[in-house]
Amino acid sequence: MIFLDFRLSEEQEDIKKAAREFAEREFTKELVEECDREEKYPLDLVKKARRLGFSTIKIPEEYGGMGLTLVEECLVTEEFYRVSPGLGNACLSSTFGTELLILFGSEEQKERYLRWVTEKDGISAMASTEPEAGSDVANVKTKIVKEGDEWVVNGVKTFITNGSVCDFVLVLGRTFEGKKRHEGLTFAIVERKSRGFKATKIRNKLGLRASDTAEIVLKDVRIGDENILGEPGKGFYMLMEFFNHTRPRVAAQAVGIAQGALDLAINYVKQRKQFDQPIASFQHIQFKIAEIATRIQAARLLTLQAAWYCSTGNPRPELSSMAKWFAGETAVMAADWCVQFHGGYGYIGEYPAERYYRDAKITEIYEGTKEIQKLIIARQILGRI
Ligand SMILES: Cc1cc2nc3c(=O)[nH]c(=O)nc-3n(C[C@H](O)[C@H](O)[C@H](O)COP(=O)(O)OP(=O)(O)OC[C@H]3O[C@@H](n4cnc5c(N)ncnc54)[C@H](O)[C@@H]3O)c2cc1C
């Protein structure tokens, strides 16, 4: 009996191939450059990818999704980001936050919000970060206060993916002061059309410039009980569980970026000549290519292993964090060497190398910085000291 099998199933191979074909066909050089240069959100492309099911892979079939797992989502993610991290992010993060609904939503919430996404091109967002609460999530200051039959939401959220293009956002706020700081946090589902919702797009990002990032101000936004996610006060734990399920996807983004940078580098070092020979003939370059390719393969396997545990319903937090940290570092390293192999041309916007260099960095920052991933890994290994 075989207990370990590294091959993808036929269906997984088909999904990976379809994603690669879509990205190579739709992420044209012109669109990639225009969206990066002008920080333009490619809404038509986002809808196209949505209708083919690429961004609803994990949403159960009963709510109109593809009913597959994080493993398949990682396969698609790698292919999209390999061609364009910016367009890949716009397309695949357009359903960011729906994992919270899948994990903790009531039947009514799933019916309304998952179907909004699968049937009406709805765009979602998840807002935990605030100006004073990034890595330290428990410091969230947004208030969600009960007034009569309603809850009133007040606060400021920053760096929110899809913040100015979303239809609804899962907002983390405080409903009561617990004994510990991370007690008393709760997720509220806030619709963009609500009175008191204001989003301002954040411009001049280093990379992922096709992706929408915004500040959201919530001023006396009123919601009903039906828009509170799960049991009030459990929001911190929900967010940690959410990250266990989403960090392997960031790792897959990083694997895709690293692979895209390596593909570019291989192409360039074979055709660029110095000292009358292709620069690929220099052993230093060969060793670096070998090193990067090996790291990418290691990152890919770690990513798929972490994703596989999530697909069984039992995520392994340390594996999700290991994958995110290691793959992120690999993406940054691969993109850095890609620029280096290009010499001066790598430093010029006409060549895609510099875009991968700019896009790679975010995978070491969002959904928990690499330092936070190492804290999680160490805590899992050492326990609380
Ligand atoms: C493009 C983009 C998209 C984003 N999308 C979203 C989104 O959709 N939703 C959302 O909620 N947030 C989002 N974020 C926010 C992101 O998750 C945070 O920026 C990130 O978690 C870091 O928080 P911070 O920026 O406040 O940095 P800080 O927490 O202030 O960290 C600053 C530095 O200190 C280090 N540090 C902090 N604490 C420790 C510690 N205990 N030990 C060691 N080092 C530490 C960090 O690793 C980092 O290097 C996004 C950010 C960006 C840039």
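## A bend in helix 8

Let's start with helix 8, which has a kink of about 35° at His245, shortly before the proline Pro248. This is a predicted model, so please read the geometry here as computed from that prediction.

Helix 8 covers residues 235-271, 37 residues in total. From its first C-alpha to its last, helix 8 reaches 53 Å, close to the 54 Å expected at 1.5 Å a residue. Helix 8 is also mostly covered, with 29 of its 37 residues buried.

## Three domains

Stepping back to the whole chain, you will find domain 1 at 10-119, domain 2 at 124-235 and domain 3 at 237-382. Where domain 2 meets domain 3, the contact takes twelve residues from domain 2 and nine residues from domain 3. On the side of domain 2 that touches domain 3, six residues are nonpolar, five are polar and one is charged. Taken over C-alpha atoms, the centres of domain 2 and domain 3 are 30 Å apart.

## Around the ligand

Now for the ligand. Both domain 2 and domain 3 give residues to the shell around the ligand, so the ligand lies between them. There are 23 residues around the ligand, and those that come nearest are Gly134, Ser135, Thr161, Thr369 and Glu371.

Several elements contribute to this shell: strand 1 (124-127), strand 3 (150-161) and helix 12 (370-382) each supply at least two of its residues. By class, the shell holds twelve nonpolar, eight polar and three charged residues.

Technical notes: Residues numbered from 1 in each chain as written. Predicted model: local features only at pLDDT ≥ 70, side-chain atom pairs only at ≥ 80, totals over all residues. Near = placed C-beta within 6 Å. Helix = DSSP H or I, 4+ residues; strand = E, 2+ residues; numbered from the N terminus. Nonpolar A, V, L, I, M, F, W, Y, C, P; charged D, E, K, R; others polar. Domains from an automatic or database assignment. Contact = placed C-beta atoms within 7 Å. Expected span 1.5 Å × (residues − 1). Bend = angle between axes of the 7 residues up to and from the residue. Buried ≥ 20, exposed ≤ 12 C-beta atoms within 10 Å, placed from the backbone.
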